[in-house]
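Subject: Structure for your files

Hello,

Here is the structure you were waiting for. My notes on it follow below.

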Amino acid sequence: MSRILILCTGNSCRSQMAEGILRSLDPGLEVFSAGTLPSARVHPLAVRVMKEIGVDISSAVPKPVDRFTGEQFDAVLTVCDQARETCPVFTGRVGLRLHQGFDDPAIVQGTNEEALQEFRRVRDQIRVFFTGFHASLHAL
């Protein structure tokens, strides 16, 4: 079984979507997400666009990365540049460290429909990347 931690800044959009996607691909994985500066809640549009693809993240809550720094992970992935730059040192063993940045859909200016389209675009990019990552897990 692989233990995977996905990090972003707020743990309200990208890392939550990535966690949900990996869990949906393989319920046997131990997948966690956290933020370097966690938000108060998961963004409602992230919940909405994930529900569109059959993944329920409505009960997810943002968590601080400090909660996980002493644990062991087969992989720690950062999904935003700021999290990569401020990623803490893990005292537990970490097998693979990987970065794949995605745009932050929460900062889009515009109508609700434009914001929703941006959340969908980023969700789809995350789904493509993490589907490929999942396919490569046998090598870990």
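What percentage of the 140 residues of the protein count as buried? The figure is 46%, where buried means under 20% relative accessible area, exposed over 50%, and partly exposed in between (1.4 Å probe, protein chains only).

Before the details, please keep in mind that this is a predicted model, in which local features need pLDDT of at least 70 and side-chain atom pairs count only at pLDDT 80 or more, while totals for chains, interfaces and linings use all residues. Residues are numbered from 1 along each chain as its sequence is written, and side-chain values use heavy atoms, with hydrogens and water left out.

Overall fold

The protein has four helices and four strands; these are DSSP runs numbered from the N terminus, with helices being H or I of at least four residues and strands E of at least two. Along the sequence they follow the pattern β-α-β-α-β-α-β-α. The radius of gyration is 14 Å, which agrees with the value near 14 Å for a compact globule of 140 residues. That radius is taken over C-alpha atoms, and the globule rule is 2.2 Å times the number of residues to the power 0.38. Along the principal axes, the C-alpha atoms fill a box of roughly 45 × 30 × 25 Å.

Of the contacts with a separation of 6 or more, 68% are between residues 24 or more positions apart, a contact being heavy atoms within 4.5 Å. The accessible surface comes to about 6,900 Å², and 51% of it belongs to carbon and sulfur atoms. Accessible areas come from the Shrake-Rupley method with a 1.4 Å probe; for residues, only the protein chains shown count as cover.

Cysteines

There are zero disulfides in the structure, a disulfide being a pair of cysteine sulfur atoms within 2.5 Å. C8 is buried at 2% relative accessibility, and C80 is buried at 4%.

Salt bridges

A search of the whole structure finds twelve salt bridges, each a side-chain nitrogen of Lys or Arg within 4 Å of a carboxyl oxygen of Asp or Glu. Three of them are described here.

R14 and D104 meet in one of them, at 3.7 Å from N to O. This pair links distant parts of the chain, 90 residues apart: R14 is in helix 1 (residues 14-25), and D104 is in the loop between strand 4 (94-99) and helix 4 (112-135). R14 is buried at 8% relative accessibility, whereas D104 is partly exposed at 23%.

D74 pairs with R93, with the closest N and O atoms 3.5 Å apart. D74 lies in strand 3 (residues 73-78) and R93 in the loop between helix 3 (81-86) and strand 4, so the bridge ties together parts that are 19 residues apart in sequence. R93 is partly exposed at 46%.

D124 and R127 have their closest N and O atoms 3.4 Å apart in a salt bridge. They are three residues apart in helix 4, which puts about one helical turn between them. Both count as partly exposed, D124 at 29% and R127 at 34%. Shared partners join E52, E113, R120, R123, D124 and R127 into one salt-bridge network.

Backbone

N11 is a residue other than glycine with a positive phi, near 55°. N11 is found in the loop between strand 1 (3-8) and helix 1 and is buried at 0% relative accessibility.

Regards
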